[in-house]
Amino acid sequence: QSQQVIAMTLSNSSLAQQTLVVIGAGSGIGAAVARQAAARGARVVLAGRSPEALQRQQAQLPESACSIAVDITDTASLQALFARVGAFDHLVISAGPAIAAKPLADTDLLDAQRAFEVKFWGVWRAVQAALPTLAPQGSISLTSGLLSRKMVPGQVLKTTLNAALEALGKHLAKELAPRRVNVISPGVTATEAYAGMPEDAREAMFARTGANLPVGRVGQPDEVAAAFILAMENGFISGSLIDVDGGGLL
């Protein structure tokens with residue numbers, strides 16, 4: 001009976017029969033958003049840099065899903081993506097570069113500019129390219145991170161980058177209304193972003209970080225993805241910064 005209730009709830013989702021574009025859908029949080037939206041009946045377009053990663057994720061979704069390679073740092077590539085998609089209802093952007101912790105004195109300016117090129121100017125470009133075909137009552141959901149408001153030595157680049165993205169999201173919620181714009185701010189989440197670390201070091205880092213959180217552990221991609229679903233489904237949420245960080249800002 002409980003499974004029937006869940007199935008009915010998903011079939012009644014406001015996402016049913018709507019089209020969702022997820023940029024950064026090849027892994028991690030973006031892939032989790034795609035899965036959850038597809039389970040609610042959305043037609044999902046997975047977009048990102050790696051065709052192979054996108055196809056792996058697409059194989060887990062209904063036949064209505066499709067994948068399109070895109071370079072978020074290239075305006076023509078983004079315009080081609082949205083021209084191919086046509087009219088759509090929701091845009092999720094979770095793409096972001098790997099950023100090593102360094103103090104300002106040791107941070108190469110070109111590295112910092114490259115990070116902004118992806119996660120800030122890339123978002124800027126993507127939203128601009130999406131507007132001609134994004135539904136007037138549609139939504140945009142961006143991804144920042146708790147370091148925007150948690151000052152940690154050595155994290156100056158992540159802090160400034162995420163803070164800029166959050167300001168952009170709030171501004172766009174006013175400028176693009178009645179379209180809704182929200183920003184999801186995850187804490188440390190166990191995704192492929194940490195795949196470059198040796199497994200034992202990665203697990204030790206997760207354990208150490210989790211021990212300092214009120215919930216006692218790091219997050220999972222599906223937990224963060226649920227916040228994106230909320231932002232898309234709830235038509236009264238706009239201009240919000242939704243923290244999914246296990247209490248990391250406390």
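Colleague: In this predicted model, why are aspartate 111 and arginine 114 said to be separated by about one helical turn?

Modeller: Both belong to helix 5 (residues 109-119) and are three residues apart there, which means that about one helical turn lies between them.

Colleague: What makes aspartate 111 and arginine 114 a salt bridge?

Modeller: A salt bridge needs a side-chain nitrogen of Lys or Arg within 4 Å of a carboxyl oxygen of Asp or Glu, and the closest N and O atoms of aspartate 111 and arginine 114 are 2.5 Å apart, so the pair qualifies.

Colleague: How do you know whether arginine 149 and glutamate 166 are buried or exposed, or something in between?

Modeller: Buried means under 20% relative accessible area, and partly exposed lies between that and 50%; glutamate 166, at 8%, therefore counts as buried, whereas arginine 149, at 36%, counts as partly exposed. These two residues also form a salt bridge, with their closest N and O atoms 3.6 Å apart. Because arginine 149 lies in the loop between strand 5 (134-143) and helix 7 (156-175), while glutamate 166 lies in helix 7, the pair ties together parts that are 17 residues apart in sequence.

Colleague: Why is leucine 81 called buried?

Modeller: Its relative accessible area is 1%, and the cut-off for buried is under 20%, so the word applies. Leucine 81 is found in helix 4 (residues 75-85), and, leaving aside residues up to four places away in sequence, it touches Val21, Ile23, Ala47, Ile68 and Val70. The C-alpha atoms of leucine 81 and alanine 47 are separated by 8.2 Å, although these residues are 34 residues apart along the chain.

Terms used
Residues are numbered from 1 along each chain as its sequence is written. This is a predicted model: local features need pLDDT of at least 70, side-chain atom pairs count only at pLDDT 80 or more; totals for chains, interfaces and linings use all residues. Side-chain values use heavy atoms; hydrogens and water are left out. Helices (H or I, at least four residues) and strands (E, at least two) are DSSP runs, numbered from the N terminus. Buried means under 20% relative accessible area, exposed over 50%, partly exposed in between (1.4 Å probe, protein chains only). Contact means heavy atoms within 4.5 Å.
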